[in-house]
Amino acid sequence: MKASHQRAHISPRKTRLVADMIRGQSVARAKDILDFSDKRAAVLVAKVLRSAAANANLPEDATNSLVVRRIQINEGPRWKVLFPRPRGVGATMTRQTCHIEVELGEAVPTV
């Protein structure tokens, strides 16, 4: 049960803060954490989490028994934006993107 979002228009550093909050949590708990988070990256991570849960092809109550086994935020391509400056010069600014990957798995019972 995997899902990913390629080239999300947010920096990986900001997204990793959100990913650390839900790593190892159950799907139901992770959805609650993301719904009440005020971070902008929480919306993107929640979409990928819901997509991974839908890819499991399980009923809704069985999906909540899954846990976030792996969530990985990789750096995506950077795109350059030109801003006009005096005397016909253009100043460049780079915007970062990231790749969000979520993998769900069964909860491992602890003894």
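The model is predicted.

Two packed helices are described by the angle between their axes and the distance between the axes. Helix α2 spans residues 27–35 and helix α3 spans residues 41–54. The two pack at an angle of about 155°, and their axes lie 9 Å apart. Angles over 145 degrees count as roughly antiparallel, so α2 is roughly antiparallel to α3. The crossing of the two helices is left-handed. On the α2 side, the contact is made by V27, A30, K31, L34 and D35. These residues meet A42, V45, A46, L49, R50 and A53 of α3. By class, eight residues in this contact are nonpolar and three are charged. No polar residue takes part.

I33 also belongs to helix α2. Its relative accessible area is 19%. The cut-off for buried is under 20%, so I33 counts as buried. Leaving aside residues up to four places away in sequence, I33 touches M21, I22 and Q25. V48 is 15 residues from I33 in sequence, and the C-alpha atoms of I33 and V48 are 14 Å apart.

Side chains of opposite charge can pair when their charged atoms come close. The model holds six salt bridges. One of them joins R50 to D35, with N and O 3.0 Å apart. This pair links distant parts of the chain, as R50 lies in helix α3 and D35 in helix α2, 15 residues apart. Both residues are also part of the α2–α3 contact. R50 is partly exposed at 37% relative accessibility. D35 is likewise partly exposed, at 45%.

A second salt bridge pairs D20 with R23, and the closest N and O atoms are 2.6 Å apart. D20 is partly exposed, with 48% relative accessibility. R23 is partly exposed as well, with 40%.

The strands also contribute. E103 forms a salt bridge with R70, where the closest N and O atoms are 3.2 Å apart. E103 lies in strand β5 (residues 98–106) and R70 in strand β2 (residues 66–75). R70 is partly exposed, at 29%. The pair belongs to a network in which salt bridges with shared partners join R69, R70, E101 and E103.

How values were computed: Residues are numbered from 1 along each chain as its sequence is written. This is a predicted model: local features need pLDDT of at least 70, side-chain atom pairs count only at pLDDT 80 or more; totals for chains, interfaces and linings use all residues. Side-chain values use heavy atoms; hydrogens and water are left out. Axes are lines fitted to C-alpha atoms, for helices over the stretch in contact, and angles run from 0 to 180 degrees between N-to-C directions. Helices (H or I, at least four residues) and strands (E, at least two) are DSSP runs, numbered from the N terminus. Angles under 35 degrees count as roughly parallel, over 145 as roughly antiparallel, 65 to 115 as roughly perpendicular and the rest as oblique. A crossing is left-handed if the near helix is turned anticlockwise from the far one by less than a right angle, and right-handed if clockwise. Contact means heavy atoms within 4.5 Å. Ala, Val, Leu, Ile, Met, Phe, Trp, Tyr, Cys and Pro count as nonpolar, Asp, Glu, Lys and Arg as charged, and the others, Gly among them, as polar. Buried means under 20% relative accessible area, exposed over 50%, partly exposed in between (1.4 Å probe, protein chains only). A salt bridge is a side-chain nitrogen of Lys or Arg within 4 Å of a carboxyl oxygen of Asp or Glu.
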